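Hi,

Here is the structure I promised to send over. Have a look at it first, and then read on for what turned up.

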Amino acid sequence: MIMPHNIFTPLPPASSAEIIETLHAVGSTRIERIVSHGQASAPSYWYDQEQDEWVLVLRGEATLQLEPGGRVELRAGDHLVIPKHCRHRVERTTAETLWLAVYG
């Protein structure tokens, strides 16, 4: 039976690491729910992904650093496409920042 799920519940409790859950994956497309509780990338760490990434902040706030592109502030409702191989890092997140990320 096909049953609906709610992206807002249940949220996992705060932890020292982001919680990443794959909601759906088919072929080269993946949809993830990411819950952040104040986490940030390590100071010298940069993501450099093989796929485009679309991110939407559903709750909370985050600051990303893009290379090139500089600093981007995201609030609830803001979304952004990060092209493949665009180096980026998470500078900050607020408590219980909820993201939806689509890779493809």
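In which strand is the place of E53? It sits in β3, which covers residues 53-59. Keep in mind that this is a predicted model.

Let's stay with E53 for a bit. Is E53 buried or exposed? Its relative accessibility is 6%, and buried means under 20%, so E53 counts as buried. Leaving aside residues up to four places away in sequence, E53 touches L80, V81, I82, H88, A101, V102 and Y103. Its side chain also makes two polar contacts that you can look up: one with the side chain of Q49 at 2.8 Å, and one with the side chain of H88 at 3.5 Å. Then there is P83, which is 30 residues away from E53 along the chain, while their C-alpha atoms are separated by 6.4 Å.

Now for the sheet. Strand β3 pairs with β8 (residues 97-103) in the antiparallel sense, over six bridges. In β8, Y103 is the bridge partner of E53. Zooming out, five strands make up an open sheet with antiparallel pairing, in the order β1-β2-β8-β3-β6. At the edges are β1 (19-26) and β6 (79-82), each pairing on one side only. On average, neighbouring strands of this sheet are turned by 20° against each other, ignoring direction.

S36 counts as buried because its relative accessibility is 0%. Among the residues S36 touches are E18, T93, T94 and W99.

Terms used. Residues are numbered from 1 along each chain as its sequence is written. This is a predicted model: local features need pLDDT of at least 70, side-chain atom pairs count only at pLDDT 80 or more; totals for chains, interfaces and linings use all residues. Side-chain values use heavy atoms; hydrogens and water are left out. Buried means under 20% relative accessible area, exposed over 50%, partly exposed in between (1.4 Å probe, protein chains only). Contact means heavy atoms within 4.5 Å. Helices (H or I, at least four residues) and strands (E, at least two) are DSSP runs, numbered from the N terminus. A polar contact is a pair of N or O atoms within 3.5 Å; within protein, one must be able to donate a hydrogen and the other to accept it, and residues adjacent in sequence count only if both atoms are side-chain atoms. Two strands pair if DSSP finds at least two bridges between them. Axes are lines fitted to C-alpha atoms, for helices over the stretch in contact, and angles run from 0 to 180 degrees between N-to-C directions.
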